[in-house]
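Dear colleague,

I am handing over the structure we spoke about, with the sequence alongside. Please open it first and keep it in view while reading the notes below.

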Amino acid sequence: MSAAVLSADDDVFEPTLQSILDQKTLRWIFVGGKGGVGKTTTSCSLAIQLAKVRRSVLLISTDPAHNLSDAFSQKFGKEARLVDGFTNLSAMEIDPNGSIQDLLAGQGEESDAMGGMGGMMQDLAFAIPGIDEAMSFAEVLKQVKSLSYEVIIFDTAPTGHTLRFLQFPSVLEKALAKVSQLSSQYGPLLNGFLGSGGQLPNGQNLNEMMEKLEGLRQTISEVNAQFKDENLTTFVCVCIAEFLSLYETERMIQELGGYGIDTHCIVVNQLLFPRQGSNCEQCNARRKMQKKYLDQIEELYDEFNVVRMPLLTEEVRGKERLEKFSDMLIHPYTPPE
Amino acid sequence: MPSLLLVVLLVEVAVHFVNTIGAATINNILWNIYLALPTEAAKQAAEKNKLQKDYLAIRRDLNATSSQDQFAKWAKLRRQHDKQLEQLEKLKASHDASKAKFDRTAGIIRWSATSGVKFVLPWIYGTEPMFWLPSGWFPYYVEWILSFPRAPLGSISIVSWQTACAGAVLLFSDAIRQVILSALEAKSARKQPVTATPKKEPTPVSTAEKSEKKS
């Protein structure tokens with residue numbers, strides 16, 4: 001019965017991620033979904049598969065609870081590092097909350113006291129919702145731009161986070177446009193107060209700061225344009241065949257559509273395929289429930305590549321197991337009879 | 001100048017009419033009339049109503065569908081629901097905007113046709129006598145007040161005429177309201193007990209007539 005389900009939509013939208021491998025223009029790939037559905041495993045697997053067909057691949061985790069290190073059994077940090085056993089696959093973990101502190105601390109380091117205007121700017125910066133992630137995002141992108149990776153995979157934080165994260169470019173762009181406009185209007189006035197050098201009390205320079213902000217804005221708008229280009233960016237949704245996960249996935253797909261971000265792949269993870277005549281009561285009951293939601297997914301997402309991944313009896317950790325698992329993203333899993 | 005006399009009276013009546021009914025009510029009535037005409041706004045309003053009906057139907061369907069048992073159907077309905085809600089909100093906003101514009105225009109026209117005329121007329125015809133008083137009937141100070149501010153002595157100025165008209169209109173309207181109220185009262189009283197006297201209307205009418213005569 002499960003084999004019948006697997007080969008059900010073999011017509012146009014094949015149940016694999018082959019389309020992502022084939023789409024050579026892709027530059028940014030996001031992998032997202034509810035917590036615990038296997039985003040990290042999926043993104044690692046996808047990265048492994050992509051590494052086979054691309055020149056260089058970078059895997060970035062933006063999830064504060066970093067799992068890349070766990071998955072590859074290797075420590076990753078803020079700098080991109082080659083994954084053991086690969087020549088063209090690197091990984092890095094960034095902390096969305098850490099980098100804004102670094103950034104702001106770096107700005108004010110000429111003066112010891114972060115008083116006056118500096119403190120105000122910091123408060124202001126923290127007051128904008130989500131600016132921390134956006135800033136770290138911008139930082140990462142600046143780094144990534146200078147390194148020349150052919151494709152970059154983001155292992156994002158659980159759903160709500162992801163969406164906010166993707167929204168920032170537009171939010172920040174608006175906010176920064178306002179700030180820039182204000183500064184160009186009142187800049188002369190402020191400079192009158194501050195003297196010809198435009199020195200702020202803590203040793204910063206007003207014009208310099210505004211230039212920095214303007215630069216940030218430009219970077220972000222560029223990124224924004226790239227994310228909205230379906231030739232460059234796609235989003236892979238990972239879910240499990242359960243109601244809440246499905247619900248979140250639907251919500252996410254709608255929101256992504258609202259932001260104009262392309263998505264055409266869904267990975268349904270942790271599916272149970274009990275052997276014929278298995279008398280495991282839980283497995284059979286769960287299989288039945290998953291089947292129900294799988295049918296719903298098939299009906300609802302008929303224009304998506306829906307990949308079905310089995311729940312394994314072992315943890316998917318380490319290079320070999322990940323490679324084995326990743327193979328199933330491309331060659332559909334056939335359950336043992 | 002009998003026509004001017006009449007105009008001033010009519011203006012007073014109009015002002016009083018607007019004040020009693022209320023500007024908002026008049027605007028609403030005008031707006032509904034405007035919507036009944038084959039205009040762009042009317043088309044939009046019809047569209048909005050249709051969409052609202054569709055939206056409510058979908059919402060009913062959505063509420064009747066179990067999201068757990070028929071997720072695909074539910075999600076599809078949900079997508080439609082969200083899309084229509086967005087459209088509806090957009091339409092509503094544009095509808096509200098056109099209504100606000102209409103209200104503003106109607107308000108300006110209404111004000112200039114009533115209060116505006118009321119202020120402008122005395123300014124233009126301030127020096128013209130409305131009609132002359134028979135000479136010698138009234139003492140000097142009465143004549144002076146009646147011709148206030150700029151009309152020749154011994155005549156009725158337009159301001160005095162306006163004041164008189166306003167007073168008369170007020171009295172008339174009070175009288176009419178009283179008649180209507182008591183008529184309604186009598187009707188409801190007749191409905192309740194059989195013992196109520198059947199002829200109750202004439203009494204208030206006669207008092208109203210008295211007050212009319214007074215004015």
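What follows is an account of the fold, the cores, the interface and a few backbone details.

Please bear in mind throughout that this is a predicted model. Chain A has 337 residues, of which buried residues make up 50%, and its secondary structure consists of 12 helices and 8 strands. Of the contacts in chain A between residues at least 6 apart in sequence, 76% join residues that are at least 24 apart.

The largest nonpolar core contains 43 residues, and those with the most contacts inside it are Trp28(A), Ile60(A), Ile152(A), Ile266(A) and Val268(A). Helix α10 of chain A, which spans residues 243–259, gives the most to this core, namely 6 residues. If residues up to four places away in sequence are not counted, Ile152(A) touches Arg27(A), Trp28(A), Ile29(A), Leu58(A), Ile60(A) and Val144(A).

Phe243(A), Gln296(A) and Leu300(A) together supply 46% of what chain A buries against chain B, which is more than any other three residues. There are 2 salt bridges between chain A and chain B; Lys292(A) forms a salt bridge with Asp69(B), in which the closest N and O atoms are 3.6 Å apart. The rule also finds 6 residue pairs in polar contact across this interface, both residues being at pLDDT 80 or more.

In chain B, the peptide bond from Phe148(B) to Pro149(B) is cis, with omega near 0 degrees, and Pro149(B) lies in the loop between α5 (140–146) and α6 (158–191) of that chain. Ser73(A), although not a glycine, has a positive phi near 50 degrees; this residue is found in the loop between α4 (68–72) and β3 (81–82) of chain A, and it counts as exposed because its relative accessibility is 54%. Gln270(A), likewise not a glycine, has a positive phi of about 60 degrees, but is placed in strand β7 (residues 265–271) of chain A and is partly exposed, with a relative accessible area of 28%.

With best regards

Technical notes:
Residues numbered from 1 in each chain as written. Chains lettered and ligands numbered in written order. Predicted model: local features only at pLDDT ≥ 70, side-chain atom pairs only at ≥ 80, totals over all residues. Heavy atoms only, no water. Core = buried A, V, L, I, M, F, W, Y, C linked by side-chain atoms within 4.5 Å. Buried < 20%, exposed > 50% of the residue type's maximum accessible area, 1.4 Å probe, protein only. Helix = DSSP H or I, 4+ residues; strand = E, 2+ residues; numbered from the N terminus. Contact = heavy atoms within 4.5 Å. Buried area = accessible area lost by both parts, 1.4 Å probe. Salt bridge = Lys/Arg side-chain N within 4 Å of Asp/Glu carboxyl O. Polar contact = N/O pair within 3.5 Å; in protein donor to acceptor, adjacent residues only side chain to side chain.
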